[in-house]
Amino acid sequence: QVQLVESGGGLVQPGGSLYLSCTASGVEFEMTIMAWERQAPGKQREMVASITSGGNTLYAHSVKGRFTISRDNAKNTVSLLMNNLTTEDTAIYYCYADERIDVRRDEFWGQGTQVTVSS
């Protein structure tokens, strides 16, 4: 059974920082692209950042230069350091796993963690 368990959300003032973490179990972690997605109220879910097992990263334009995604393949974790947060970053953040083994592809999501940026 695959589980993605997120932690680290909360309330922060504009300009502040938060650190999200996700621990994955039940997947072949080194065969899995990991990512963070978010969904703000009334908006579509969007990809925030992704990272391959080799460490290649992609970021949404809106977070580039402020957010940093990283992973620890030995601990099956992926993290997201969010700096200089704005109210536009308020959303539920979801850990996402894209497992690819041979021709098979499976996608999984965590339950989400709330990030609220407000003064």
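Buried means under 20% relative accessible area, exposed means over 50%, and partly exposed lies in between. This model is predicted. It holds 10 salt bridges and an open sheet of four strands.

**The sheet**
- The strand order is β1-β3-β8-β7, and the pairing is antiparallel.
- β1 (3-7) and β7 (67-72) stand at the edges with a single partner strand each, so one side of each has no neighbour in the sheet.
- Neighbouring strands are turned by 15° against each other on average, direction ignored.
- β7 pairs with β8 (residues 77-82) over six bridges.
- Thr68 stands opposite Leu81 in β8.

- Side chains of opposite charge can pair when their charged atoms come close.
- Asp89 and Arg38 meet in a salt bridge at 2.9 Å, N to O.
- Asp89 lies in the loop between β8 and β9 (91-101), while Arg38 lies in strand β4 (residues 32-39), 51 residues apart.
- Asp89 is buried, at 1% relative accessible area, and Arg38 is buried too, at 6%.
- Arg38 and Asp89 also belong to a network of salt bridges with Glu46 and Arg66.
- Lys43 and Glu88 meet at 3.7 Å, N to O.
- Lys43 sits in the loop between β4 and β5 (46-51), and Glu88 sits in the loop between β8 and β9, 45 residues apart.
- Lys43 is partly exposed at 48%, whereas Glu88 is exposed at 56%.

**A buried and a partly exposed partner**
- Glu99 and Arg104 meet in a salt bridge at 3.4 Å, N to O.
- Glu99 is buried, with a relative accessible area of 5%.
- Arg104 has a relative accessible area of 43%, so this residue counts as partly exposed.

Conventions. Residues are numbered from 1 along each chain as its sequence is written. This is a predicted model: local features need pLDDT of at least 70, side-chain atom pairs count only at pLDDT 80 or more; totals for chains, interfaces and linings use all residues. Side-chain values use heavy atoms; hydrogens and water are left out. Two strands pair if DSSP finds at least two bridges between them. Helices (H or I, at least four residues) and strands (E, at least two) are DSSP runs, numbered from the N terminus. Axes are lines fitted to C-alpha atoms, for helices over the stretch in contact, and angles run from 0 to 180 degrees between N-to-C directions. A salt bridge is a side-chain nitrogen of Lys or Arg within 4 Å of a carboxyl oxygen of Asp or Glu. Buried means under 20% relative accessible area, exposed over 50%, partly exposed in between (1.4 Å probe, protein chains only).
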